[in-house]
Amino acid sequence: MISFSKNMMLKWITSIALLLHLVFRLISPENNVVVDLLLFNLVGILAAGVALNAPLLTDRISAVALGLAALIWSLGSFFSTWNSFFQAQVPDGISDLCYSIFYPLVFLGVTRSFTYRRSITALELLDTVIIAVGLVSILTAFLLKPAMLSFEGSSWQVFTSILYPVGDLLLLALVLIYLLLTPINIRSILIASGLLSFALSDLFFIWSSLNGTYTFGSITDDGWILGLLLLSLSLGFPSSEAKFSDKISSYSATIALIASSCLLGVAALKPGYFPSFILIPGFITIALAFIRMSFALSEANSAGTERVLARTDELTGLSNRRNFLFHLAQLKGGYIFLLDLDGFKRINDSLGHDAGDQLLKQVANRFSRVIPTGAQIARLGGDEFGVIAQVDQLEAFELAQAIKATLSYPVTLTTSEVAIDVSIGYASIDPTVDVIDALRRADLAMYQVKEKGGGPVLWEKGKFEKIG
């Protein structure tokens, strides 16, 4: 409750500070330190506080990213405005650096708000960095050459001049993507409005500066701090889960990678066409893409391993009951065999569970050696095994005999040799009956062997046929 009240207080203070700045700007259009340097940038810093103290219903990565974006941009604005009032100058590169960092932070914060998740994945983080670095660098690079004819200064100064409108265009594109992927609610409206306010104000500033009509301290500058405040306020409302955000992220990262590859291709075909510093983000994008690929392959391998483990008995390495039933349901003919070890409980109780585990693994190996190609063997639980095979009646008879013969000689364990037998019941697979009935028929036949002893028993048309 205390943190909630603190956040509400910050929201009110920030909103009042913004209104005060608008009022002072309308009343007194003359520039002064209090209004233009202190109050203006105080709104951005307070907006950062609102984001960083957002309630727990907000994803923390999004809150921290947007909070840092507002704070760093406000610091850049403070240094830039300082130079307009005082002779002791702060290097322009510091302000440019702050403004440049703002864009990837906002991109990360808004992307994270697409879905309501508590933790960020490595692939998601890499996608965000690849998109931010790749697309911004490629757009800047291909706009740089014609811009050099219009802008004065070094290549780096031209680069930073182009970076801002490219960043603003990406923010406008982000508004469109966000509105397409996210259900309309208070949070989505505030985020879209905040991005639009900031981007349009920045584009207007660039346009008016190029045309020589910009006035320092213009009321249109408040669009920047209004945008920061709206983005921070959006974090106080719940997020609806967006659709296809993972696909959009992956596709965007792929486009950024292709674009960076094109950039390096042009640079290779026309050496010196781009300044060398432009190529660095391209190399970084490609390097990150390879890292992302290694993560993706690792996750794919892990997912494949998990799928195998979900279908496999941990002790014997055979299929488990679930996988066995799945394959049984696919068959339209053949035979199902149920195998139950005779004397296993006695051995397990007298020699211990380790000996019992050794016995099960060796029995599984012996059974597997006589199973024909294409057949399925599984450990169904405890000392019970199952086999399904698409064979005819004669082959089924021979298979049952072969399985029983595998235990005709003792099994060697670590501590001793033990003799064990197996009761086998089997039945034909009838496509007109379900999996449960097929299992029941083989189970009934197997219990006939348990009760009366002897060789495998076939269940056929309601009768039991003893073999051997």
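User: At what angle do α2 and α8 pack, and how far apart are their axes?

Analyst: Two packed helices are described by the angle between their axes and the distance between the axes. In this predicted model, α2 and α8 pack at an angle of about 15 degrees, and their axes lie 8 Å apart. Because angles under 35 degrees count as roughly parallel, that makes α2 roughly parallel to α8. The crossing of α2 and α8 is left-handed.

User: Which residues in α2 meet residues in α8?

Analyst: From α2 come Phe40, Val43, Gly44, Ala47, Ala48, Val50 and Ala51, and these meet Asp222, Trp224, Ile225, Leu228, Leu229, Ser232 and Leu233 in α8.

User: Which residues touch the most other members in the largest nonpolar core?

Analyst: In soluble globular proteins, nonpolar side chains tend to be buried together. Here the largest nonpolar core has 45 residues, of which Trp73, Phe102, Leu171, Leu195 and Phe198 touch the most other members. At least two residues of this core are supplied by each of α1, α2, α3, α4, α6, α7 and α8. Leu171, leaving aside residues up to four places away in sequence, touches Phe102, Tyr103, Val106, Leu195, Phe198 and Ala199. A second, separate core of 32 residues includes Tyr335, Ile377, Val411 and Ile420.

User: Where is Leu20 placed, and what is its relative accessible area?

Analyst: Leu20 belongs to helix α1, and with a relative accessible area of 39% Leu20 is partly exposed. The C-alpha atoms of Leu20 and Phe40 are separated by 9.5 Å, although the two residues are 20 residues apart along the chain.

Conventions. Residues numbered from 1 in each chain as written. Predicted model: local features only at pLDDT ≥ 70, side-chain atom pairs only at ≥ 80, totals over all residues. Heavy atoms only, no water. Core = buried A, V, L, I, M, F, W, Y, C linked by side-chain atoms within 4.5 Å. Buried < 20%, exposed > 50% of the residue type's maximum accessible area, 1.4 Å probe, protein only. Helix = DSSP H or I, 4+ residues; strand = E, 2+ residues; numbered from the N terminus. Contact = heavy atoms within 4.5 Å. Axes fitted to C-alpha atoms, helices over the stretch in contact; angles between N-to-C directions. Parallel < 35°, antiparallel > 145°, perpendicular 65-115°, else oblique. Left-handed = near helix turned anticlockwise from the far one by under 90°.
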